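Keep the structure open beside you as you go.

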Amino acid sequence: MLSLFYIIIFIELLTIFYNLIKFLIYKLKFKTQLKSLNSNCDNFHIYVLIPCYKEISVIKETLDHFKKITNGIKNIDIYIITTEKERNENTLGQTTYDYLLNLDILNNPQFHLLNYPQITGMMADQLNYAIEKILKNQSLSTNKIYFSVYNADSHPDNFTFIELSQKIQQNDFPKIIQQYSNYFLNYNFQNFIMKGFSIYQTAFEFRNGIINNSISKYLYSHVVGHGLTIRADYIQNLNGFNSNFWCEDIYLTGLLHNNNEKILYLNSLDNAQNPENLMVQIIQNAVWFKTASHHFSILKNISKNFNISLNGFIWLCHEFRATFIWLMMPVFLLYSLIYPLLNKYYFLLLLSIGTYLIFVFTNYLLNLIIINKKRFIKYMKNYFSCCLAILLTSIGPFYSLFLKNKIKTKR
């Protein structure tokens with residue numbers, strides 16, 4: 001249908017213009033947000049929480065990295081939280097807990113190991129267990145205690161905790177601070193198409209996290225389960241991390257927006273891995289989409305303990321729009337490319353291809369350049385891998401329709 005073709009092209013052009021305006025605003029505002037730095041951090045404490053489930057292949061390298069970047073910082077302790085669920089599912093093999101017991105790094109007084117004793121539950125349950133255990137023996141006020149959550153493959157920038165400490169003090173002990181991620185940690189080991197997914201995922205973090213947060217609280221923004229720092233008294237008031245949904249960070253995003261809480265962000269990044277296999281990527285996206293698409297259920301669950309605000313409804317609209325775009329955008333983009341080809345409208349085909357190439361550059365790759373040109377310009381050579389990956393991004397959401405149980409994706 002020709003009219004649908006023109007609508008798709010128009011929306012792509014509108015998105016290009018919208019993003020260019022956002023980038024301009026971000027660059028202007030960012031210059032005015034720089035503040036003087038203060039390194040004193042004696043009046044609060046940070047507990048890094050690293051939940052683990054079948055993470056033998058990556059956890060040692062991660063802990064060595066955390067040891068390096070926290071060396072000399074006295075107000076930080078690092079807790080690795082394993083789960084008995086792993087032993088219950090694998091009675092013959094070595095568990096992550098058993099593996100960690102033999103690591104020398106646990107002799108460092110800064111590092112601690114906890115094992116969640118239940119054979120069921122998810123990451124949220126491991127985090128809540130650790131928080132309860134840690135706070136039982138605290139004399140410091142809970143509004144001066146922070147929990148920073150990271151994944152077993154997280155490699156935060158070297159100055160992460162220096163910046164985090166400064167951000168806490170400069171903002172008078174805020175409730176929420178988020179470090180967003182780039183997904184290039186294993187980039188050199190990925191094939192052509194998976195490099196595109198790494199760029200796509202990183203661009204999503206930068207656009208919806210850093211850039212949107214900088215411009216307006218009314219734009220779509222999110223928190224992520226790794227790189228999240230939350231004040232102890234606030235997570236207690238929320239009754240811990242929610243375990244009714246597969247992805248506790250998507251639920252928390254809705255709750256924060258409903259409660260009108262500001263999400264502060266760090267300029268440093270968490271360097272994380274992206275899947276090296278397309279099927280793993282599809283399953284990972286399906287798990288995320290399964291929770292994101294339950295936005296009505298999330299808001300209903302929030303209403304049990306909190307009054308639903310206007311911001312809660314705004315988040316609901318954003319989440320509905322975001323999940324619809326995630327599911328259907330690649331379908332429409334493919335239509336705009338296939339329709340003129342099948343009907344031999346070659347001028348329209350050139351128009352469609354040209355518009356799409358500009359759309360991908362401004363909506364994805366330009367985010368990387370805007371945030372840190374020197375750091376990310378080398379990934380621009382895989383521009384066409386990103387173009388291909390975007391056309392495949394709806395496979396995960398469609399696959400989620402058949403997903404009954406949460407699946408642990410391989411590293």
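Rings of Phe, Tyr and Trp (its six-membered ring) pair if their centres lie within 6.5 Å; planes under 30 degrees apart count as stacked, over 60 as edge-to-face and the rest as tilted. The model is predicted, so local features need pLDDT of at least 70, side-chain atom pairs count only at pLDDT 80 or more, and totals for chains, interfaces and linings use all residues. Residues are numbered from 1 along each chain as its sequence is written, and side-chain values use heavy atoms, leaving out hydrogens and water.

**Exercise 1.** Find the cluster of ring pairs that includes Phe-5.

*Solution.* Step 1: ring pairs link Phe-5, Tyr-6, Tyr-335, Tyr-339 and Tyr-345. Step 2: a search of the whole structure gives 24 aromatic pairs. One of them joins Phe-5 and Tyr-6 edge-to-face, with 5.6 Å centre to centre and 75 degrees between the planes.

**Exercise 2.** Describe the pair of Phe-184 and Phe-376.

*Solution.* Step 1: this pair is tilted, at 5.8 Å centre to centre and 50 degrees between the planes. Step 2: Phe-184 lies in the loop between S7 and H7 and Phe-376 in helix H14 (residues 373-376), so the pair ties together parts 192 residues apart in sequence. Helices (H or I, at least four residues) and strands (E, at least two) are DSSP runs, numbered from the N terminus.

**Exercise 3.** Which side chain makes a polar contact with the side chain of Gln-190?

*Solution.* Step 1: locate Gln-190 in the loop between strand S7 (181-182) and helix H7 (192-215). Step 2: the partner is the side chain of Ser-198, at 2.6 Å. A polar contact is a pair of N or O atoms within 3.5 Å; within protein, one must be able to donate a hydrogen and the other to accept it, and residues adjacent in sequence count only if both atoms are side-chain atoms.
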